[in-house]
Amino acid sequence: MSSQVRLRLLPSAKCLFDEPVQVKVGGLRSKQLVTMRARSTDEKGVMFSSSATYRADGNGEIHLDRDPSLSGSYFGVEPMGLLWSMKPDTLHKRFIKTSSLNPQVVKLSVHEEEEGKMLAEVINERFLIGDGVSRLPVKEGNIRGALFTPPGRGPFPAVLDLYTFGGGLSEKRASLLATRGFVVLTVSLYGHDDQAKNIKEIHLDYFEEAIEFLKRQDKVSSEGVGVISLSKSGDLALSIASYLSGVAATVWINGCSANIAFPLYYKKRLIHPALMHDLEKLIPTESGAVIGKYVLDNHLAEENKDTLIPIERAKGQFLFVASEDDLNWDSKTYMDQMMERLKRHGKENFESVSYPGAGHYLEPPYGPYCPSSFHGVARRPAVWGGEARSHAAAEVHMWKKVQEFFRTHLSWNAEQTNPKL
């Protein structure tokens, strides 16, 4: 490495996963062309990487928040482009980061354009949990999950995180929300601890138990709880808000308006059969992944009316979030239909946001964009839709929107939290 070249991350090489960093290079020759690279390995050992070509200014400096990428994984001025544009070294892999205990480690480097010699390198540690946030594994009654609690006396607003499908437990979103001042319980439905590896039905009682557990926590405010979802758990969030008490705010992200895949029970009574799908309608692509946008049966057909969730029963507020290029299913249409349903019932307890160019997996920002990965129902890789730049921008906006929504509709003390490492 060249002792002259400096690669810096500001304000620090250590940050929270959902925070941007400024990437700056100094000590280059005037107008020198270089390649910037990023590499990170996920929890499954899959390597993700990106690269971009930059030209230094007259002072031999490059600022990623000022200077455009001329070629590579992305083009133009993209301050965090090296992170969100990283691609796996194997097709159809999603960046897996489910544990909150270890940071995402990203190696950033600058190289000579022609010979590829490394000139400087720095490691960016991106933590999923802030200083003082406690993590408590939960195995109480039927509940299996993890509870994250911010530092301080509280009381804090409480959120139930339904990052439930795919099996196992995902902590990333929950730990980051807790770092922002929420008590968050993330739960698993199957494939974690002593739970069954697969399920054939879902019982709403499980989530009722989880909500009661949350409300019993010492630092939780006495007001209603929030619920956040994604994909299949979107319809579960709708059912929780519609049938259970104490839910003040629900975030639905790229879900369906009907109960899909598994019959839903409450107090041993079937409340919604499952909207079924036809895998013969999967559309193959050249990459080997399939498009599943059209496989679900028509949820508005007379024979499927019992699968529709009566969201007009909900007493709390809704935030509907839809990606307009979702290829898993037509999230935007489901969202529009739900808003029309609420309006027909004289309800105004909702707001919405939709994102052109975004795909199915909307998550906390700055992780690698996932165009395709294994689909648990299709049992093969699926195309999720979206375009990397638009999707990354959508995640930044959505993450702020979600926090604002919960702070507006859950009991909130503005002095409660200043996230720190």
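1. Contacts of Pro263. Setting aside neighbours up to four places away in sequence, the residues in contact with Pro263 are Lys200, Glu201, Ile202, Leu270, His272, Pro273 and Ala274. The model under review is a predicted one. Pro263 sits in the loop that runs between strand E17 (247–253) and strand E18 (264–266).

2. Overall dimensions. The radius of gyration of the chain is 22 Å, which agrees with the value near 22 Å for a compact globule of 421 residues. Along the principal axes, the C-alpha atoms fill a box of roughly 70 × 55 × 45 Å. The secondary structure consists of six helices and 25 strands.

3. Burial, surface and contact order. Of the 421 residues in the chain, 55% are buried. The accessible surface comes to about 18,200 Å², and carbon and sulfur atoms account for 48% of this surface. When contacts between residues at least 6 apart in sequence are considered, 68% of them join residues at least 24 apart.

4. The chain carries 51 positive and 51 negative side chains. The centres of these two sets lie 3 Å apart.

5. Cysteines. How many disulfides does the model contain? The count is zero, the criterion being a pair of cysteine sulfur atoms within 2.5 Å.

6. Helix H4. Is helix H4 (residues 233–243) enclosed or open? Because 11 of its 11 residues are buried, H4 is largely enclosed by the rest of the structure. The buried residues of H4 include the charged residue Asp235, and among the others are Ser233, Gly234, Leu236, Ala237 and Leu238. Ser239, Ile240, Ala241, Ser242 and Tyr243 of H4 are buried as well.

7. His360 is placed in the loop between strand E23 (350–355) and strand E24 (372–375). With a relative accessible area of 1%, His360 is buried. Which residues does His360 contact, leaving aside its neighbours within four places in sequence? They are Leu230, Ser231, Asn254, Asp326, Asn328, Trp329, Trp384 and His391.

8. Ser109 belongs to strand E9 (residues 104–112). Ser109 is buried, its relative accessible area being 1%. Not counting residues up to four places away in sequence, Ser109 touches Leu7, Thr35, Met36, Arg37, Met118, Ala120 and Glu121. Ser109 and Ala38 are 71 residues apart along the chain, yet their C-alpha atoms are separated by 6.5 Å.

9. Cis peptide bonds. The peptide bond from Leu10 to Pro11 is cis, with omega near 5°. Pro11 lies in the loop between strand E1 (6–10) and strand E2 (14–16). Gly154 and Pro155 are also joined by a cis peptide bond, for which omega is about 0°. The location of Pro155 is the loop between strand E12 (143–149) and strand E13 (158–161).

10. Positive phi at His92. The phi angle of His92 is near 60°, a positive value in a residue other than glycine. His92 is found in the loop between strand E8 (87–88) and E9. His92 counts as buried because its relative accessible area is 15%, and the class covers values under 20%.

11. Is Arg379 buried or exposed? At 59% relative accessibility Arg379 is exposed, the threshold for that class being over 50%. Phi of Arg379 is near 60°, which is again positive in a residue other than glycine. Arg379 is situated in the loop between E24 and strand E25 (380–383).

Notes
Residues numbered from 1 in each chain as written. Predicted model: local features only at pLDDT ≥ 70, side-chain atom pairs only at ≥ 80, totals over all residues. Heavy atoms only, no water. Helix = DSSP H or I, 4+ residues; strand = E, 2+ residues; numbered from the N terminus. Rg over C-alpha atoms; globule rule 2.2 N^0.38 Å. Buried < 20%, exposed > 50% of the residue type's maximum accessible area, 1.4 Å probe, protein only. Contact = heavy atoms within 4.5 Å. Areas by Shrake-Rupley, 256 points an atom, 1.4 Å probe, with all protein chains shown as cover. Charge placed at Lys NZ, Arg CZ, Asp CG, Glu CD.
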